[in-house]
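Hi,

Here is the model I said I would pass on. Have a look at it first, and my notes on what I found follow below.

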Amino acid sequence: MFKKRIVRVMSAMMTAALMATGMTACSGTSTPPTQQAGENAATSAAKKDEAAGTAAAVSTASGDNTVTICYPDTLTTCFLPFSSSTGDRFSVAPAIESLGRPDAEGNMQPWLADSFTTDPENLTVTIKLKEGIKFSDGTDFNADAVLWNFDKMKEGGKESELGNPESYEKTDDYTITVKYSAWANNWETVLGEVYIYDPKAFDDNGEDWASIHAVGTGPYVMTEYIPEDHISFVKNDNYWQEGKPYLDGVKIVFMTDITTQQAAFMNGEVDLLSTNDATLTQTLISQGFESIAAQAPDLGSIKYFMFASGDAESPFHDEAVRKAVLHSIDWDGYVQSLTGGLGVKVTQFGVPGAWSYDDTVSLPEYNVEEAKKELADAGYPNGFNTVISTISNNNNIATLLQASLKEIGITAEIKVMETSDFNSQKKAGTYDGGIITGQGASKMDFTNNYIRLYSSQGVNYLNMMDHPEDYETALFGARAAKTLDEKKELLKTSSRLMQEHALVIPVGAIFSTCFSNDRVADSGIYQVTSTVWTPEDIKTVK
């Protein structure tokens with residue numbers, strides 16, 4: 001069913017692209033008059049600043065009360081209950097809102113919800129919803145709408161993103177009780193992260209339509225989506241927060257090429273440029289621009305690779321083989337190459353300061369001869385052939401890894417996949433029994449991410465990754481912990497065991513950056529997490 005859904009969604013996206021007319025990418029050859037005027041003004045301002053010997057904060061990207069944002073990750077679907085990428089949340093946030101939002105300390109605060117009340121004794125969470133909110137099509141936001149989204153998440157195989165509830169029901173039109181079978185301390189967090197799609201829009205138009213149309217309670221209404229190019233929104237005049245939003249519209253353009261990203265920002269085609277690319281970050285900083293992003297565990301980005309440890313037919317099913325490979329990694333060289341010196345070497349899947357980060361853990365010694373010896377001891381004196389599956393954004397990791405493997409006799413073919421194909425394999429695929437490369441978000445509290453992605457109760461990599469008993473005992477124990485101190489210690493244990501079993505291997509971490517011209521304020525981009533921002537508050541100041 002999952003594969004059929006992907007085919008239908010991709011078909012609908014292609015249809016949407018063919019139907020769209022008169023639009024170009026922000027780096028295209030045809031430019032609307034208002035944007036062209038903005039570009040002329042931006043170019044003039046840049047020349048003046050350059051003459052004065054200062055870095056130009058290029059303004060007037062849109063020339064009116066709209067803002068254009070460049071985001072490096074393309075949207076896979078607008079219908080988040082079926083989404084396999086948390087990055088989709090960023091792109092649909094102007095139109096679709098969540099029940100809660102995390103604060104800077106990692107605590108979930110109500111948003112569409114008015115309150116979350118946890119009852120550990122009765123194993124329930126009561127969600128009280130805000131009243132008087134409507135979806136952008138005028139239908140009511142209420143308990144029925146939330147329960148409908150819960151049902152769709154279960155249909156999409158995402159029960160773990162609800163905390164695997166035993167049941168849920170409404171007690172009145174604005175109150176929901178969620179019942180669990182065992183205590184967990186992350187209920188408010190997982191429920192707060194649920195984004196609420198408009199049930200009527202889905203029911204009236206169908207799944208394929210919903211995959212390319214974002215409809216919710218947000219401050220903006222989606223007007224256009226050109227897959228892998230851009231998504232446009234206009235002001236929702238009936239937004240539930242009085243006086244907001246402040247803009248007439250928001251446009252998010254998708255660019256994966258850093259040269260294109262840089263040119264678009266410097267030419268004034270985009271107002272805000274979010275990136276996790278070290279080269280681009282260094283270039284813009286060297287030209288005098290400052291990142292507006294905060295630095296915190298929830299804003300780190302971890303570059304990693306992952307063995308097919310769960311595939312019994314793969315050489316990497318043997319822990320000894322995996323550990324041998326780790327001795328072939330030049331950890332310092334990797335982090336320098338991948339982050340341009342802006343990143344940090346990490347020993348676990350996390351960054352220092354995260355609850356799960358154990359400062360006592362060390363990395364395996366970089367020793368090629370030791371790697372060869374351990375590989376021979378594991379039964380592969382002459383190495384073997386394997387495949388490294390990746391997407392274009394993470395091909396740099398794959399290239400480094402390919403060279404390291406070659407030194408110890410392992411011949412690795414790099415298989416660069418389309419993002420949609422790569423994501424479609426996440427749940428059941430083992431990616432040719434080899435290795436995958438990736439880039440994942442760091443978290444202050446990794447409990448939900450570890451369980452969602454790297455456990456036997458997760459939604460992704462179920463057959464890709466082995467799930468050692470001691471690792472999962474610690475991980476699920478962290479979820480069930482009665483105190484925060486106990487939770488932190490168990491998270492550290494699970495993080496250490498993930499590394500000891502050589503399951504998911506981090507090779508460096510970098511904090512994402514966001515560069516803004518001087519006409520935009522209060523975007524909230526990269527202030528708390530990499531996907532949560534404040535579309536309702538963003539404004540122009542010039």
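One spot to start with is the side chain of R322, where a polar atom lies 3.3 Å from the backbone oxygen of H317. The backbone oxygen of F316 is also there, 2.8 Å from a polar atom of that R322 side chain. By polar contact I mean a pair of N or O atoms within 3.5 Å; within protein, one must be able to donate a hydrogen and the other to accept it, and residues adjacent in sequence count only if both atoms are side-chain atoms.

Before I go on, the housekeeping. This is a predicted model, so local features need pLDDT of at least 70 and side-chain atom pairs count only at pLDDT 80 or more, while totals for chains, interfaces and linings use all residues. Residues are numbered from 1 along each chain as its sequence is written, and side-chain values use heavy atoms, with hydrogens and water left out.

Back to R322, which sits in helix α10 (residues 319-326). Helices (H or I, at least four residues) and strands (E, at least two) are DSSP runs, numbered from the N terminus. R322 is buried, at 1% relative accessible area; the cut-offs are under 20% for buried, over 50% for exposed and partly exposed in between, with a 1.4 Å probe and protein chains only. Leaving aside residues up to four places away in sequence, R322 touches F307, S309, F316, H317, H501, A502 and L503, where contact means heavy atoms within 4.5 Å.

A502 from that list has a story of its own. It lies in the loop between α17 and β16 (504-511), and its phi is near 55°, a positive value in a residue other than glycine. A502 counts as buried too, at 0% relative accessibility.

D522 also has a positive phi, about 60°, without being a glycine. You'll find D522 in the loop between β18 (520-521) and β19 (539-540), and it is partly exposed, with a relative accessible area of 46%.

For a cis peptide bond, look at K244 and P245, where omega is about 0°. P245 belongs to the loop between β9 (230-235) and β10 (249-254).

Now the helix pairs. The axes of α16 (residues 469-480) and α17 (residues 484-500) come within 8 Å and cross at roughly 155°; axes are lines fitted to C-alpha atoms, for helices over the stretch in contact, and angles run from 0 to 180 degrees between N-to-C directions. That makes α16 roughly antiparallel to α17 (under 35 degrees counts as roughly parallel, over 145 as roughly antiparallel, 65 to 115 as roughly perpendicular and the rest as oblique). On the α16 side the contact is made by D470, Y471, A474, L475, G477 and A478, and on the α17 side by K487, L490, L491, T493, S494, L497 and M498.

The other pair is α8 (residues 258-266) and α9 (residues 278-286), which pack at about 30° with axes 10 Å apart. These two are therefore roughly parallel to each other. I258, Q261, Q262, F265 and M266 of α8 meet T279, L280, T283 and L284 of α9.

As for the whole chain, I count 17 helices and 19 strands. Of its 542 residues, 55% are buried. Among contacts between residues at least 6 apart in sequence, 71% join residues at least 24 apart.

Cheers
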